Amino acid sequence: MHRKKTLRRMEKALIGRRGEQQRLEQIYNSGKNEFVAVYGRRRVGKTYLIREFFHNQFDFYYTGIYKGTKNEQLKEFARQLSDYSGEHQQRTANWFDAFAMLKKYIENLSAKKRILIFFDEMPWMDTPKSDFLRAFEYFWNGYASADKRIMLIVCASATTWMRDKLFGNKGGLYNRMTNVIYLAPFTLAETEEYLQSRSIAFNRYQILEAYMILGGIPLYLSMLEKEFSLTQNIDRLFFVENAKLKSEYKFLFSSLFNESSMSQKIVELLAKKAIGMTRQEIISALKLPAGGKISTIINDLTDSEFIRQYNGIGKKERETIYQLSDLFSLFHLRYVAPYNGNDENHWSNMTDSPSKRAWSGYAFEQVCFHHIPQIKAKLGISGVESNVYSYKNSDFQIDMLIDRRDQVINLCEMKFSLSEFEIDRQYDEYLRHRRELFRNFTSTKKSLYITLITTYGIKRNQYWGNVQSEVRAEDLFM
């Protein structure tokens, strides 16, 4: 396989993911044994990236069976190995024998070529009492790790499994991975590029709204059809009979989390609390026991990027705030879950409704948190060391703070509007009063810059000059 030629071809076929493609290219050509883990949210395009980048030219590829039994997994493993080897492979009774068959097959491959092995959805192979992980450890440590030809890629959406069984492994796989690649949802810029590649002629406002609903998830974006408007597309995906994404929310939880019911309850609780909640507030609201189990579930949701956590300036760890950040879940809970099925033009008929305005404001805030590098670039502080927080106390809250090493804190306010945002006298007083409250509560000596992040910018009037910096939605497309 001529790798430079492949990379050039794939840059044309794959939208975005250029950094990931370059890393895969470097790893493939490293000349040494490689064990690569690729992880990220379900539907984000992990399998697509690996299969398209390598043109499906694997020496062995196996994907776990969702809710498959041990015997079903082993049967399919043997069948796939038969297809790749050209020789019939008898299904074994255990994973140790299955990996022994894989070893024998690899030993017969050319000694001069890179051997590419891809295990997709690895957590699904690790069924209860199957000894899959022990067998895999033995295969890797006892044979594969010593063969410089081998590049093994494992992929999973169950971030918790990856964290506990691979990244945090204290046994035979401790510190064995040579590379870890995290695949994030598309940015707004990548979303725009992807839609343009499919001749979908949305303007940037419409792309932003699509992102607020679908969250930059490639599979969901692939379901948009160019002959329909955005609102028509959303109706078709969520509100018509047998809509493609109507049941997606429940599948996400059942396929990702062992405690799917409790995970859903936490997400649904946070969907009603835009400002977020502490761990103790979550426990109290759901009447849960304050044990380690709830911490594990919260960590799982955070790792899988359904919720985000933040500590305010000067706040203690127990005051950590958890906030729903998954845009797809937010939209589902706000509009799809309560839908009664009587209006197939449900979204089209909600134009500029109070409910939509409230959702838009919160969703836009979360989009901004997904685009911190772009905001910093617009502010000209990409090279300045900084931390991003939110701040909340009993008197007021600030959605985003950029606390900079150069003795400045940007107090960011996000405003979603259909035109230029106009600051009136009352809002100007509110911004300045809040700035002084923050200064007094935190006793900070840093300069405090009021920063507005809006869809179309700030209307120039007698008050706009009191804002030190502004970021527009189009700046998030950088």
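**View 1. Lining of the largest cavity in a predicted model.** The lining has 5 nonpolar, 3 polar and 3 charged residues. Ala, Val, Leu, Ile, Met, Phe, Trp, Tyr, Cys and Pro count as nonpolar, Asp, Glu, Lys and Arg as charged, and the others, Gly among them, as polar. I275, R308, Y310, Q323, F369, S390, Y391, K392, Q397, I398 and D399 form this lining. Two or more residues each come from β7 (307–310), β9 (386–392) and β10 (397–404). Strands are DSSP runs of E, at least two residues long; helices are runs of H or I, at least four. The volume is about 60 Å³. The whole structure holds 1 cavity of 30 Å³ or more. A cavity is a set of points on a 1 Å grid where a 1.4 Å probe fits but cannot get out; lining residues have an atom within 4 Å of a point.

**View 2. Crossing of α10 and α17.** The axes of α10 (residues 204–214) and α17 (residues 327–336) come within 5 Å and cross at roughly 80 degrees. The two helices are therefore roughly perpendicular (65 to 115 degrees). Y211, M212 and I213 of α10 meet L327, F328 and F331 of α17, with contact meaning heavy atoms within 4.5 Å. These residues divide into 6 nonpolar, no polar and no charged.

**View 3. Salt bridge of R42 with E121.** Their closest N and O atoms are 3.3 Å apart. A salt bridge puts a side-chain nitrogen of Lys or Arg within 4 Å of a carboxyl oxygen of Asp or Glu. R42 lies in the loop between β1 (34–39) and α3 (46–53), and E121 in the loop between β3 (115–120) and α6 (122–125), so the pair ties together parts 79 residues apart in sequence. The whole structure has 28 salt bridges.

**Notes.** Residues are numbered from 1 along each chain as its sequence is written, and side-chain values use heavy atoms, without hydrogens and water. In this predicted model, local features need pLDDT of at least 70, side-chain atom pairs count only at pLDDT 80 or more, and totals for chains, interfaces and linings use all residues.

Notes
1 Å grid on protein atoms, 1.4 Å probe; cavity = no way out; pocket = protein on both sides within 12 Å on 5 of 7 lines; lining within 4 Å. Points joined across faces, edges and corners; volume = space filled by probe spheres on them. Axes fitted to C-alpha atoms, helices over the stretch in contact; angles between N-to-C directions. Parallel < 35°, antiparallel > 145°, perpendicular 65-115°, else oblique.
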